[in-house]
Amino acid sequence: MKSITAFVALLSFILLSSPVAFTQDLIIQGGWLVQVEEGTAIENPGITIVAGKIHEIGNPSREDFPILRLEDQDYILPGLIDLHSHYHVRYNGVTKTDTVVTPKLFLANGVTTTFTAGDPNPELTLEFKHKVNRGGAIGPRILNSGPYFGSANSEWNRDFTKEDIYSIVDEWAEKGTNGFKAKGISYNQLKYLIERAHNYGLTVTAHLGSGAYGGVSSADAIELGIDRVEHFLGGEMLPGESGAYDEIANLNTQSEGVEDAMQDFIDHGVAFNATIGTYGGWSRSNDGAFDYWVDEYKYLTPFTAEFIKATDNEPQDIQPTIASVYAKKKILLKRYHEMGGRVTLGTDRPFYLDLNLGNYMNGFFIHREMDIMANAGISNADVLKIATINGAEAIGWGDRIGTIEVSKLADLMVIKGNPLNDIRNTRSVHTVIKGGVIFDSDEILKKAEGKLGPVSETEW
Ligand SMILES: [Zn+2]
């Protein structure tokens, strides 16, 4: 990543002198502006940012504003949106939320908004979200999901009644939670969650199974009015007789149920959060998306880096199944997209050292996810839409983020090279602006080095 091109002296001074910068009225000149809805790049007509929002595009008239002057190879895009983010690390059976490294890796990589789709430590995340919003810590905009609804939450009770579900939703909606995530939930409990969340204008997403063992299938969830579904389209395409991994791995993608299931999503406007790359990473796919373009291990503690290097190639019984899931998911994603289905982007990279899931780092992984989508046969222009405005709309923030438009929040990133020609150009992000605050990717990354994970077998 290259450093910021050119600043007026005032701006450089502000940036260097404060660890966490503050909102700055600003004009961005030069470079190219990527319009994700049109799938085009135009010469930047000048972007004026006032009080953290896009104030004007074209004819910058404020001569007293500092100018961020970009080079001809610079492309400005809306900040990326990760609708399935995780901030937690698990080692020796202990799960901890990381507010030091992970948020920096997200932001430095151009991810200006994350939705924590499954949060083992919701109180801490809520607190950290407020801290970031106050400018007290570096990180993306955190849209929190509150506690897991379902058996993924160790405090969950299968006998929770309608009143119980309503009161948990009420509690978290009042705390300012931005949406909800269910995993391992019963049909009735999902019904109560959805109806109560929608009362507050909040969305619900879920990790669902095949429908086997009395579980809720996506067809059930769609009928109940769910907003998004994570990982698998499921529904009519799966027999619902065994686990979802096995059924996807063995799926005949040409079968009739595949199209029926996709049509069900489309007819109800339900978004599919594809989380495709994590299956490639888990199964150690060797497609090019998983190459390293920077040394990601340098963000780990030396102990953690050694631990991962020592365990990385240990084969896991589940890997052949996951490899097949990954291959099938690519085929299904392309087909669903071509049918007009709503796709969003989620990375789903909990840092589980116990499960051999420490090989790829958050933040960087969003570029892999986009690369894989393009590889699966989705155009670069559509991948960029999926990574920005589609996510914004799916979480109910379409009027605030997702495109570079007047009156929206000034959340954007600057990269080298046209991403419409080569999606991997998004990896070259060097400057990120969130709510009008400018961040230099290299500077953020430097602060994240050597800190993620346990420092020894016993010390963390
Ligand atoms: Zn997840």
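**Pockets and domains**

Modeller: Start with the second largest pocket: its lining splits into 10 nonpolar, 12 polar and 2 charged residues. Keep in mind that this is a predicted model.

Colleague: How much space lies in that second largest pocket?
Modeller: About 480 Å³. It is lined by 24 residues, and Gly 184, Ile 185, Leu 208, Gly 209 and Gly 215 are the closest to its centre.

Colleague: And the largest pocket, how much space there?
Modeller: About 750 Å³.

Colleague: Which residues lie nearest the centre of the largest pocket?
Modeller: Asp 119, Pro 120, Tyr 148, Ala 152 and Tyr 352, out of 35 lining residues. By class, the lining has 17 nonpolar, 10 polar and 8 charged residues.

Colleague: Switching topic. How is the chain divided into domains?
Modeller: Domain 1 takes 6-79 + 401-448, and domain 2 takes 80-394. Their C-alpha centres lie 28 Å apart.

Colleague: Which three residues supply more of domain 1's buried area than any other three?
Modeller: Ile 423, Arg 427 and Lys 434, with 23% of what domain 1 buries against domain 2.

Colleague: How many salt bridges between the domains?
Modeller: The count is 3.

Colleague: What does Arg 424 pair with?
Modeller: Its side chain forms a salt bridge with that of Asp 371, at 2.8 Å, N to O.

Methods:
Residues are numbered from 1 along each chain as its sequence is written. This is a predicted model: local features need pLDDT of at least 70, side-chain atom pairs count only at pLDDT 80 or more; totals for chains, interfaces and linings use all residues. Side-chain values use heavy atoms; hydrogens and water are left out. On a 1 Å grid over the protein atoms alone, a cavity is a set of points where a 1.4 Å probe fits but cannot get out, and a pocket is an open set with protein on both sides within 12 Å along at least five of seven lines; lining residues have an atom within 4 Å of a point. Grid points are joined across faces, edges and corners, and a volume is the space filled by probe spheres set on the points. Ala, Val, Leu, Ile, Met, Phe, Trp, Tyr, Cys and Pro count as nonpolar, Asp, Glu, Lys and Arg as charged, and the others, Gly among them, as polar. Domain bounds come from an automatic or database domain assignment. Buried area is the accessible area (1.4 Å probe) that two parts lose on being put together, summed over both. A salt bridge is a side-chain nitrogen of Lys or Arg within 4 Å of a carboxyl oxygen of Asp or Glu.
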